[in-house]
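Please read the following briefing alongside the sequence and the structure. It is intended for a reader who is new to both.

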Amino acid sequence: MKWTATPTKLLPLLLGAAALLGGCSKAPAPAASPSAYPRIRFKTDWYAQAEHGGFYQALARGYYRDAGLDVSIDQGGPGALVSQLMLAGQADIAMGRSDDMILWGSQGIPFVIVGVYMERDPQAILVHEEGPVRTFADLNGRTVMGEQGSDWIDFLKAHYHIDFNLIPMNFGLAQFMADKNFIQQCFVTNEPYFVRKNGGHPRTLLMSDAGFNPYRVIYTTRRFADRYPGAVRAFVAASYRGWADFMGGDPSPAKALIAKVNPNMTEDFMDYSIGAMRDYHLYTGKAEAGDRPGLMTRARLEEQDRILLDLKIIPELIPLDRFARFDLMPPGFQQGGEQ
Amino acid sequence: MSDEAIIELRRVRKQYGEGPVILEDVSLSARRGDFVTLIGPSGCGKSTILRLISGLSPVTSGSILVDGAEPQGAVEKLSFVFQEPTLLPWCTVERNVELPLRLHGEGAGARREVAARSLALVGLSERSGYYPRQLSGGQKMRVSIARALSVSPKILLLDEPFGALDEMTRDHLNEELLGIRQQLGWTAFFVTHSVPEAVFLSSRIVVMASNPGRIHTEIPVGLPYPRTVETRQSRDFQGLVAEVSRTLRSVERLP
Amino acid sequence: MSAPRSDSRLSVLARNVMPALAGAAAVLFWYGARLLMKPDQLFLLPPPQAVLKAMVEKAPALWAATLSTGEGALIGFGSAVAVSFVFALLLSLSPIVRAGLYPYLMILQMVPIIVIAPILILWVGAGLASVTIITFLICFFPMVVNTTQGLISTDRNLVDYFRMCRATKAQEIFLLRVPAAMPYFFTGLRISATLATIGAIVGDVFAGNSAGGQGGLGYLTIVYSARFEIAALYATAAVSCVLGFVFVYVVIALSWLALHKWHDSFSQSDA
């Protein structure tokens, strides 16, 4: 099951502070490779899955190599504190969500967005077709299994003027399958597959459709971006190439690589995820709204900034340049302009 | 004092299962008012005899009569003083002395009265509110004796009660014990390793042998009561001590 | 029998000054650690004043959460004490019963909360009931084990004496075994008191309910970490420690009341 990218995993952070003191002085600089660029360790947010497809495609097809990069993709997983690793210098580039970047920025944590790999996020609410919930507004007065403190949940309550109760998320489906009225958060690319496989009829309400619409981003530490802008630029460009090929061409190289590094992955499930990404326009976004694969606009980032401010989750608007760099994306991917 | 036996052991044999024989063919009697001391080498079964009389253990064969009844039915007539004071550490001295009365269901008022009297007998009235850990070894033993006396026993069984104390305290307590006996008149069965103590206290000394435990010799002690510090200096006393010691040594040399 | 005069003066000094010194040293270490950290990582260890500021700002939320967690901890702990005592009495009666039940008690103790929590939610719903049950489970086992041990470890001589006085079984249990077991009981109580707040907080994380402001300290921990409010996270941790300390301190006080007059674990005050 999917572990959402919001770092609830900062929980062990308190214990990690002491451990970190041991590690902070020996954070290694990325080893120099024969080319001009440093070796890049790219950290994903979960075990290898189709939602990481473009990156694995780039690796499998040799796009990183072609760009002069030596890239390794390290799998994340439950409890893998990606942000921690990044700051300790044990991972160089990672994947996340743009609203998290704003939150980090408000706390003075030095990460920057360097690229966008999905225009819309797979986060959604999962209910049974036979259940009473049809729209977000129907959640009013009900109980939802979701991650406490999630900003998008606060958004739903404020936006629809509803209230509902949250019980702790355990990322399983046992309770959902046992109760036709059960409601929980999910990823559209993931849980519905298993529900159907076990004979259920799932219905999903996509967070993006409600108006909370973050990007799925590639990010790194400000330090790394300042030190190796060429490498980062090359990485983002090669990743974009990989994603275009994965979603527009033949995804089998990525699928084979994913299956190789994640033995629990099945072809059937990957096909489902890819299908969901298409059906919900996660990669391409909504063309009528001006979205395009890989595009990042100031307008959308500012909108999210404002939403978080209205929700009182951040104390003030965060200037975009504190958490986003447009100059490392391939030309034409910053708010308009042709490829 | 009447001539009839208040305690009578007839051909008592004690064996734990198929194990070694602790006591073999022990016959012994005590008259009312006797002070009988059992003395002998380790393993001769002297403590076991006390346990059999008190009913803590059953005999394997033979019989024991305590004031005409079986030991099991003689609870109210017996009191036992152990080698360790065995006081309840969470109770005050007063509560400890009251304990056997409490277990028998006596009311609080009666208990308090009896406990006060017992404590007075052993000279510990001012310490009635103390806890055992605040007392010396000798004081704890006195409390144990006061507790034993609180049920007004006819028979007092004492198993090396002063063994852990120093010489002077032991002598003091010996004298006190006889003083109390004079007031209350119970019959005593006493076990000790100390020959002078045995001679000082007893009207009769039973020397036992071991392997198996059995009675070897009975030595009457004719010294007059009340016995005092001066008694210890007398020639008769010294002579008896020598005689008992000789007998003991000869018993120890037996196979 | 009394403690020497010079010792007691030293111990007063030790008891009051040393902790203060240790606390000051800890704060110094805190600042010093920040000096050693790379600038990127500073946000992980906010300075003490930031934590204090967060404590003040979030005081209403922290207070409400403390009450909620405290309630779960208290009920869970209290019921664990009562039930474990009864259990221990039963276990102390027969070595056969003990041999039969101990392995299962051990196994039950091993089941991790992560596994139990969803099952509890299915049965009793998320919220106070689940948190209380989780706290109960965490507190129950140390208490049963310690109290049982105490009840069966009574001095052989005392048992003999009671038997000699032909005491009834009930008298033997309530006048002898139970008082003798008190030091063991309080040891178990102290261990469980430490675990009670941890249990309630963990229970809150996995089976708590945020409805109507019921959320406890576990819930706040999740929310603050989701929002990256690190200083608030530290503040929550500090408050949790204080709550735990309150529990333990109450138990220590009770233990002193029950034992100080007669038990060797407390130094003597008077000859």
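**Briefing on the predicted model**

In chain B, 71% of the contacts with a separation of 6 or more join residues 24 or more positions apart, a contact meaning heavy atoms within 4.5 Å. The model is predicted: local features need pLDDT of at least 70, side-chain atom pairs count only at pLDDT 80 or more, and totals for chains, interfaces and linings use all residues. Residues are numbered from 1 along each chain as its sequence is written, chains are lettered from A and ligands numbered from 1 in the order in which they are written, and side-chain values use heavy atoms, leaving out hydrogens and water.

**Fold and dimensions of chain B**

- Chain B contains 8 helices and 9 strands, which are DSSP runs (helices H or I, at least four residues; strands E, at least two) numbered from the N terminus.
- The C-alpha trace of chain B spans about 55 × 45 × 35 Å along its principal axes.

**Burial and surface of chain B**

- Of the 255 residues in chain B, 53% are buried, that is, under 20% relative accessible area (1.4 Å probe, protein chains only).
- Chain B has an accessible surface of about 11100 Å², and carbon and sulfur atoms hold 49% of this area, computed by the Shrake-Rupley method with a 1.4 Å probe.

**Confidence in chain A**

- Chain A has a mean pLDDT of 87, with 88% of its residues at 70 or more; pLDDT is the predictor's confidence in each residue, from 0 to 100.
- Residues 13-29 of chain A have pLDDT below 50, and this stretch has 21 contacts in the model beyond near neighbours in sequence.

Terms used
Buried < 20%, exposed > 50% of the residue type's maximum accessible area, 1.4 Å probe, protein only.
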